[in-house]
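Biologist: Please take a close look at how the two parts of this chain meet, and spell out the criteria as you go.

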Amino acid sequence: MGLRKFLAPEIVFGIGARNLVANYIKNYGITKVFVVTDKNLYKTKWIEELENNLKKRDIEYTIFYNVSENPRSEEVMLGVESYIKNRCNGIVALGGGSPMDFAKGVGIVANNGGDILDYEGVDKVIFPIPPLIFIPTTAGSSADVSQFSIINNSKRLVKIAIISKNIVPDIALIDPETTITMDVNLTAYTGMDAMTHAIEAFVSNASSGITDIHALKAISLVREYLPKVVREPNNLEYREKMMFASMQAGLAFSNAILGAVHAMAHSLGGFKDLPHGKCNSMLLEHVINFNYDSAVDKYDMISNELLLDNRGLSVIEKKNNLINKIIELKKEVGITCKLGNEGIVISDIPELSKKAIDDPCMITNPKKINLRDIEVIYEEAR
Ligand SMILES: [Fe+2]
C-alpha cells in the first residue's frame, strides 16, 4: 500500500445531536446563518425546531429552501446571491444529499468566486469555505462527512462531481431521529446508496486499511438493518443502525472515492432527474458483474459480510452468488425497477456513456473501463 490520507469532520452522533446546532454556531463566531433545506423538509418539525433553537439564542438567520432533488447549478448561484445579499458568514444545512451538496456549492462560490461549474473535478476549491454545520436527515448520502458535492449541470443534463478536502463540513450533527420523516421508498433508495458507497469504496483502487474497516462495517449493517427498517420505519433502533451504517460508508468513500456505479449514476441522474439511490440500485449488480475478476479477494470479503457461504465455489459461482444476494436485498426493500422502466431507451445509451466515462469517480474503479464496456453495462441494466 502506498501513502494514504484520511479526512473526516468533527462528528456528534446520536439522538439529540441536532439540538447542539446553536452551540456550534456560537463557537464558530457566525453572526448570521444561511440555513439550507428543501421544500419538503421546510414543512417538517425539524425546521420549526431549528428555528426555535436559533431564536432562543438570538441568532440571526435566513432560510433558503428552493433546492431541487438533484440541485441545479443555477439554483446554487441563486443561493450564493442570497447568501451575499443577506451578509451571512456561516451555513447550516438540514436535509439529505441535495441540500447538503447545495450548501457546499454556495460556500465554494461565496469564498472562491466564479461559477459553481468551474469547480468540477478534484481539488479545484482553493480557498477555505465558510463554516459548514450539517444535520443530515437521510441515511445514505453522507454528504455531512464527505469531501464530495454533486451538482446538476442542467444545460448539459449531467451531474458534476466536485471533490475537495476544503468542502468537508466542520461539524456533522448526525441525529438518527431525523430520518424518521423519510418515507419507505426514500429509506430504501438512500440505504442502497449507502451500500453502494461501501462496496465501491472497498473495491476502489484508492482504498486502504483505514477506509476498509469502515466500508465492511457499513456493508454488514445495511445487510442486516435495511430490510428491517423498511418493514418497521418507526423503529428508532433500526433507524440508528442505518444512520451509523451510512456514516461508516461515508467515511470510507469520502477517502477511497467510488467507482463505475456512481460515475454512471451521476450521468443517469442528470439526464433523467431520478433519485440518486435509485440510479445506483439499478446499476450495482451489473457493475459488480463487470468488475468482479479484477478484485476477486475483495468481493469475497464483501460476500462474507453478506453472510454468503462461498466455500468450494468457483469464481463464477461466487460472482453469481453475490449478484443474486444484491438482487435479493433490493427486492426485499422493494426495488425491482430497471432503466427501461424509467424511460431510458437504447438510443440514450451512447450519450449517457460518454458523460459517465468523464466522471471523476471512474478513475478509482478497480477495473479499467472503456466506452463500449459502459454501454454494455447500461444495456444490461435496461
Ligand atoms: Fe451516492
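Modeller: In this predicted model, 28 residues of domain 1 are in contact with 33 residues of domain 2, two residues being in contact if their C-beta atoms, placed from the backbone, lie within 7 Å. Because the model is predicted, local features need pLDDT of at least 70 and side-chain atom pairs count only at pLDDT 80 or more, whereas totals for chains, interfaces and linings use all residues. Residues are numbered from 1 along each chain as its sequence is written.

On the side of domain 1 that touches domain 2, at least two residues each are supplied by β5 (121-122), β7 (148-153) and β8 (158-163), where strands are DSSP runs of E with at least two residues, helices are runs of H or I with at least four, and both are numbered from the N terminus. By class, this side of domain 1 has 12 nonpolar, 13 polar and 3 charged residues; Ala, Val, Leu, Ile, Met, Phe, Trp, Tyr, Cys and Pro count as nonpolar, Asp, Glu, Lys and Arg as charged, and the others, Gly among them, as polar.

As for the division itself, domain 1 covers 10-179 and domain 2 covers 182-381, with bounds that come from an automatic or database domain assignment. The centres of domain 1 and domain 2, taken over C-alpha atoms, are separated by 25 Å.

Turning to a pair of helices, I349, P350, L352, S353, K354, A356 and I357 in α13 meet L371, I374, E375, Y378 and E379 in α14. The residues of this contact of α13 with α14 divide into 8 nonpolar, 1 polar and 3 charged.
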